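Here is a short briefing on one protein model.

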Amino acid sequence: MAETLKEKTAKGLFWGIMNNGTQQLLGLVFGIWLGRKLSDYDYGMTAMIVVFTLIANSLQDSGFRTAIANLKEATHKDYNSVFWFNVIVGTSLYVILFLAAPLIARYYHTPELVPLSRYAFLATIFASFGTAQTAYLFRNLMVKQTAQCNIIATMTASLVAVVMASLGFGYWALATQGVLYVAVNTLMLWHFSPWRPTFHLDFGPAMSMFRFSSKILLTYIINIINNNVLNVLLGYYYKPQAVGQYNQASQWNNKAGSVIQGMILQVAQPVLAGIDDDHERQLRALRKMVRFTAFLSFPLMFGLALVSHEFIIIAITEKWRESAYLLRMLCVAGAVAPLCTLFNNFIISKKRSDIYLWVTASLGVVQIVVMLLIWPYGIRVMVMVYVALQLLWFFIWYSQVARFLSYGLLMLLQDIMPFALAAAAVMAATFWLTLGIGNLWLLLGCRVLLAALLYYGIMRLAKVQILQECQDFLLKRFKKQHGQG
């Protein structure tokens, strides 16, 4: 019996949670170990060059995953064209980056970045062999298989990084973690995807998609710059240690936010594109996704902000105290980041990559100009302004969604504010109720437990439909698996 759209979405969200939840749990365990073993200098060294790897990976991907997902029918010829295009572009980009490594090192006034860059950039070649396979799994909503690829790659790369860090390899351990993750993930994509390339080279389909995908590509690049602008500027104006402190805070913020954000990425765009011809149905689906995202995102990110100090000190020791303060601020922006992801996926589902491009580009321009003006005031002020801009752009993303659907501002506030206010009230109450606890371990445990119970209790008392639907789905899935056992 064919699955309904609701069932496919529910299954996709479930495996999205499993994927990102497991990855972030692994990231938590290995991140704590590596954070204890390595220094802010080690993290700063890899953070300064990560933007180049991410941009290179986007260039070789060229937005084709999204382009293929929006095709009415995707043929072998389409996948094959994309595959060979990406292999050629990825290899060429590595050669360019290899030659550019001395320039990158000169910009950061750090000669040690030359060999490190050339090693870390190998991920670009490995990634180029997996783009078509990723597109196949993405288009066919094979979220379970995608989750397995990511989890296996995360586990393998993290274990190797831990061993290398134990042996004193420093920032080389972090670079290896990045390269090995991409390599193993690509191998697993080939294992799970039934599609295989042939040696018939025809770049026609890739070129025909490029008009749409080029805007996605440019937007990805701008997005990467937006997300890493502080790493780049801090690396130029300050020492690698300062970059490392910010990067550590940013990583923990991303780890928490990715639990929700990655789940949305797995299902939102394919599902919304599949009902593009029915605006009322699309509005209902989008609002439900907004409520579900807000239901999870606000308590998770506000909760992390609440326990940021004790968590950082306990997990990765006193040497990262400054990152705890930065993390608290970043979590505010992290709470709305999954909603922004949902909105820009809706824009893409409307095949309006031009809107996606200019909204992202405008944020990038404003961020760079503002950061260049305020950098003398210090890192904390830069992060504070960065967060304020992310919140402002959330409403700009919403304004573009409202152009296509009758999604009024009052409707948006009805969908997100109950969860935002409940989460904020819970964290405030938890903070005051636990003020007298001096032991950090006890304080962390009490705050996590009390905040979770209070938020769950409020949702139950308010009879929130999203909570009931989540419980029903998990119970149904448990009974199904139990019956099979």
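**Cysteines**

Cys 340 is buried, at 13% relative accessibility. The model is predicted. Cys 446 is partly exposed, with a relative accessible area of 28%.

- Cys 340 has 13%, and Cys 446 has 28%.
- A disulfide is a covalent bond between the sulfur atoms of two cysteines.
- The search of the whole structure turns up zero disulfides.

**Helix 14 and helix 16**

- Two packed helices are described by the angle between their axes and the distance between the axes.
- Helix 14 spans residues 321-349, and helix 16 spans residues 379-401.
- The two pack at an angle of about 15°. Their axes are 9 Å apart.
- Helix 14 is therefore roughly parallel to helix 16, because angles under 35 degrees count as such.
- The crossing of helix 14 and helix 16 is left-handed.
- What classes of residue make up the contact of helix 14 with helix 16? The contact has 22 nonpolar residues, three polar and two charged.

**Phe 138**

- Phe 138 sits in helix 7, which covers residues 131-139.
- Is Phe 138 buried or exposed? Phe 138 is buried, because its relative accessible area is 5%.
- Phe 138 and Ile 68 are 70 residues apart along the chain. Their C-alpha atoms are separated by 9.1 Å.

Notes. Residues are numbered from 1 along each chain as its sequence is written. This is a predicted model: local features need pLDDT of at least 70, side-chain atom pairs count only at pLDDT 80 or more; totals for chains, interfaces and linings use all residues. Side-chain values use heavy atoms; hydrogens and water are left out. Axes are lines fitted to C-alpha atoms, for helices over the stretch in contact, and angles run from 0 to 180 degrees between N-to-C directions. Helices (H or I, at least four residues) and strands (E, at least two) are DSSP runs, numbered from the N terminus. Angles under 35 degrees count as roughly parallel, over 145 as roughly antiparallel, 65 to 115 as roughly perpendicular and the rest as oblique. A crossing is left-handed if the near helix is turned anticlockwise from the far one by less than a right angle, and right-handed if clockwise. Ala, Val, Leu, Ile, Met, Phe, Trp, Tyr, Cys and Pro count as nonpolar, Asp, Glu, Lys and Arg as charged, and the others, Gly among them, as polar. Buried means under 20% relative accessible area, exposed over 50%, partly exposed in between (1.4 Å probe, protein chains only). A disulfide is a pair of cysteine sulfur atoms within 2.5 Å.
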